[in-house]
Amino acid sequence: MGTSPHTPLPIAEADFTQTGYSYTLSLIQGKHKMVILYCLMEYEPVRFNEMRRYLGRISDKTLSVNLKELERGLIARTEYPQIPPKVEYSLTDLGASLMEVLDQMCTWGETHRPK
């Protein structure tokens, strides 16, 4: 399949959970996280209701849980002290560094999707 910069261990000694691929998946796995990241890549900063409209059929609770999980490193939440409350989401430096990979996925999809 792909190439690796190192010689892999024999499969009997290998542990997928210790791979970089596993770590990346742990940050972005789930139905909505990649779409949230894509939205922020294209439109940041984005408010909660804008994100909800962009994603379509998603409950407030599901979106909130996904955003909280992504806040553990990939996105930043900025709350403005005003009435009504204003909260915006944007990519952190770590999240922005992942966008090169996401952009490559978009390019691949544009090239290979049925016309």
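**Reading contacts, burial and helices**

Author: Leaving aside residues up to four places away in sequence, serine 22 touches Phe16 and Thr17, where contact means heavy atoms within 4.5 Å. This is a predicted model, in which local features need pLDDT of at least 70 and side-chain atom pairs count only at pLDDT 80 or more, while totals for chains, interfaces and linings use all residues. Residues are numbered from 1 along each chain as its sequence is written, and side-chain values use heavy atoms, with hydrogens and water left out.

Reader: Where is serine 22 found, and is serine 22 buried or exposed?

Author: Helices (H or I, at least four residues) and strands (E, at least two) are DSSP runs, numbered from the N terminus, and serine 22 lies in helix 1, residues 20-28. Buried means under 20% relative accessible area, exposed over 50%, and partly exposed in between, with a 1.4 Å probe and protein chains only. Serine 22 counts as buried because its relative accessibility is 13%.

Reader: Which residues does histidine 32 touch?

Author: Histidine 32 sits in the loop between helix 1 and helix 2, and with a relative accessible area of 13% it is buried. Not counting residues up to four places away in sequence, histidine 32 touches Arg57, Ile58, Thr62 and Asn66.

Reader: How does one check the length of a helix, and what span should helix 5 have?

Author: The expected span of a helix is 1.5 Å times one less than its number of residues. Helix 5 (residues 93-112) has 20 residues and should therefore span 28 Å, and its end C-alpha atoms are 30 Å apart, which agrees.

Reader: Where is the kink in helix 5 centred?

Author: The bend at a residue is the angle between axes fitted to the seven residues ending there and the seven starting there. In helix 5 a kink of about 30° is centred on glutamate 100.

Reader: Which residues of helix 5 are buried, and what covers them?

Author: Gly95, Leu98, Met99 and Leu102 are buried in helix 5, and the cover over the buried residues of this helix includes helix 1, helix 2 (33-43) and strand 3 (86-91). Histidine 112, which is also in helix 5, is partly exposed, with a relative accessible area of 49%.

Reader: How far apart are the C-alpha atoms of histidine 112 and glycine 56?

Author: Those C-alpha atoms, of histidine 112 and glycine 56, are separated by 25 Å, and the two residues are 56 residues apart along the chain.
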